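Subject: Structure handover

Hello,

Here is the structure for your files. My notes on it follow below.

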Amino acid sequence: MNTIEKNLLKEVADIHETPEGAYNIRANGKLDSRNTTANIDIVTKEDKSGIDIIIKPGTKHESVHIPVIISETGLKDLVYNDFYIGEDADVVIVAGCGIHNCGDQESAHDGIHSFHLAKNARVKYIEKHYGAGDGLGKNVMNPTTIIELSEGSYLEMETTQIKGIDSTHRVTKGTLADNATLVIHEKIMTHGEQQATTDFTVDLNGVDSSANVVSRSVAKEKSFQKFVSTINGNAKCNGHTECDAIIMDEAVVTAIPELTAANIDASLIHEAAIGKIAGEQLVKLMTLGLSEAEAEEQIINGFLK
């Protein structure tokens, strides 16, 4: 790999050297390198582009890295990745995509990830998106995540997009059985004329299932963001969705909640807050010697942590 590709891996997957454990690195639409373990297998799909990640029941304290990097202008990559997490497994999965576009054509990656968690399985899923390049071509990413949680299973999902993506439409759909738990933390920052839409739909079908979906975002300059969140409570359950956004300059932010309770014991809550940086926060930091721009950066960094 060249220096640009190595930097992309560092940004999206925190990979500085060959990662430990199982991994599948995809570069410019092709397999770059792969490693499996006794408990984690990675198999190339035969009917379409993508892989199956199969984790044996009872697997503990192991990780899987599956980053995608693109350094060619005009490349449009589409992959289907399916994760099969065995009963009582407890693993970390690190994904993400980095695009470095120095040309005048659009480069894009669409990733469709499907998670199938067996009974009492636990997964922490980390996904980072990053764009760079000094060309005129756009960086586009459209991730889709489909989640099926069996009885007692748990999925925590952290998604981050804070630089360089001109357009993104992020779709997440979750279906939960009895005592299953879904936790999603999203962080997004847009600037210039970038556009970002996130669309969450969670069906709480199981008794005592729960979902907590939280989005924090910063919209600068003339960028646009749209947050859509739908939670359907179809049993005795708990659902919470929250959109917290800082708006700056001429940006536009839209939050659209939809809660549907189809059971008398469904407890569903939505919170939304969109506003500018508080003046007193800026003044306090500026009295400590920071410029206004430096104070804004400090506040934004703390907000998106």
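A salt bridge here is a side-chain nitrogen of Lys or Arg within 4 Å of a carboxyl oxygen of Asp or Glu. This is a predicted model, in which local features need pLDDT of at least 70 and side-chain atom pairs count only at pLDDT 80 or more, while totals for chains, interfaces and linings use all residues. Residues are numbered from 1 along each chain as its sequence is written, and side-chain values use heavy atoms, with hydrogens and water left out.

Salt bridges

The count comes to 7 salt bridges. One of them joins Asp52 to Lys45, at 2.6 Å from N to O. Asp52 counts as buried, at 18% relative accessibility, and Lys45 is buried at 14% (buried is under 20% relative accessible area, exposed over 50%, partly exposed in between; 1.4 Å probe, protein chains only).

Lys236 pairs with Asp208, their closest N and O atoms being 2.5 Å apart. Helices (H or I, at least four residues) and strands (E, at least two) are DSSP runs, numbered from the N terminus. Both partners are partly exposed: Lys236 has a relative accessible area of 40%, Asp208 one of 35%. Elsewhere, salt bridges with shared partners join Lys45, Asp52 and Asp82 into one network.

Helix α1

Buried residues in α1 are Glu5, Leu8, Leu9, Val12 and Ala13. Seen down the axis of α1, they fall within an arc of 100 degrees (taken from the directions from the helix axis to the C-beta atoms), so they line one face of the helix. Thr3 and Lys6, both exposed, sit on the face of α1 turned away from the buried side. After α1 comes Asp14, with a positive phi near 55 degrees.

Largest pocket

A pocket is an open set of points on a 1 Å grid over the protein atoms alone, where a 1.4 Å probe fits, with protein on both sides within 12 Å along at least five of seven lines; lining residues have an atom within 4 Å of a point. The largest pocket has 14 lining residues, and Leu9, Ile15, His16, Glu17 and Thr18 lie nearest its centre. Elements giving two or more residues to this lining are α1 (3-13), β1 (22-27) and β2 (30-35). The largest share, 4 residues, comes from α1.

Regards
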